[in-house]
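Open the model in your viewer and keep the sequence panel beside it. The tour starts with the whole chain and then goes on to single side chains.

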Amino acid sequence: MSPEHIHTYLTAIGMVSLTGDGERITGVYLPNYNLPAMPEGEDEVMEEAIKQLEEYFSGRRKDFDIPVYQEGTDFQKDIWDAMCRIGYGETVTYGRLAEMAGHPGAYRAAGTACGGNRLPIIIPCHRIVASNGIGNYGGGVSLKKRLLTLESEFR
């Protein structure tokens, strides 16, 4: 593995930054995120991630198959794994997500795990909604709505 590095590029939703270690993507930073301080760089895994994200934004990709890594508790990893099982263009509530992850009733903690997801879009936390509305999103509610609209259009 090489030292973690960052690469920023223009997408259909604005400037997106990816972090990686040469073997895996370790972060996706949407427009308006505070970026971590690290050296700029690009590698083959990052190039593939950029390609797959561009395919996603154009409606040609529904799932990602790039190596990723993020640190988290066993609970967070259960939640993130469950998020990856939510189909393209579908949404589930925080309560349903907690059930899918094997933690029924832990909807608030599931929401916190969503907020700790460093790989948005790839691990699709935008597909999680509140039982009484759209819910929050690290990239902003308008971006969450935009991603859900994009998926419904290409479904």
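A residue is called buried when its relative accessible area is under 20%, exposed when that area is over 50%, and partly exposed in between. By that rule, buried residues make up 46% of the 155 residues in this chain. Keep in mind that the model is predicted.

**Stop 1: the whole chain**

Show the chain as a cartoon. Five helices and five strands are there to be found. Follow them along the sequence and the pattern reads β-β-β-α-α-β-α-α-β-α. The radius of gyration is 15 Å, close to the 15 Å that the globule rule gives for 155 residues, so the chain is as compact as a globular protein of that length. If you turn the model along its principal axes, the C-alpha atoms fill a box of roughly 40 × 35 × 25 Å.

**Stop 2: a residue in a strand**

Select residues 14–20, which form strand β2, and pick out Leu18 within it. Is Leu18 buried or exposed? Its relative accessibility is 0%, so Leu18 counts as buried.

**Stop 3: charged side chains**

Colour the charged side chains. The chain has 15 positive and 21 negative ones, and the centres of the two sets lie 9 Å apart. Nine salt bridges are found in the whole structure. The next selections follow some of them.

**Stop 4: along helix α1**

Select residues 44–57, helix α1, and show the side chains of Glu48 and Lys51. These two form a salt bridge, with the closest N and O atoms 3.8 Å apart. Why are they about one helical turn apart? Glu48 and Lys51 are three residues apart in helix α1, so about one turn separates them. Glu48 is partly exposed, at 28% relative accessibility, and Lys51 is also partly exposed, at 43%.

Move on to Glu55. Lys51 and Glu55 both lie in helix α1, four residues apart, which is again about one turn of the helix. Their side chains meet in a salt bridge of 3.7 Å, N to O. Glu55 has 14% relative accessibility and therefore counts as buried.

**Stop 5**

The side chains of Glu55 and Arg61 meet in a salt bridge of 2.8 Å, N to O, and both residues are buried.

Notes
Residues numbered from 1 in each chain as written. Predicted model: local features only at pLDDT ≥ 70, side-chain atom pairs only at ≥ 80, totals over all residues. Heavy atoms only, no water. Helix = DSSP H or I, 4+ residues; strand = E, 2+ residues; numbered from the N terminus. Rg over C-alpha atoms; globule rule 2.2 N^0.38 Å. Buried < 20%, exposed > 50% of the residue type's maximum accessible area, 1.4 Å probe, protein only. Lys, Arg positive; Asp, Glu negative; His and termini not counted. Charge placed at Lys NZ, Arg CZ, Asp CG, Glu CD. Salt bridge = Lys/Arg side-chain N within 4 Å of Asp/Glu carboxyl O.
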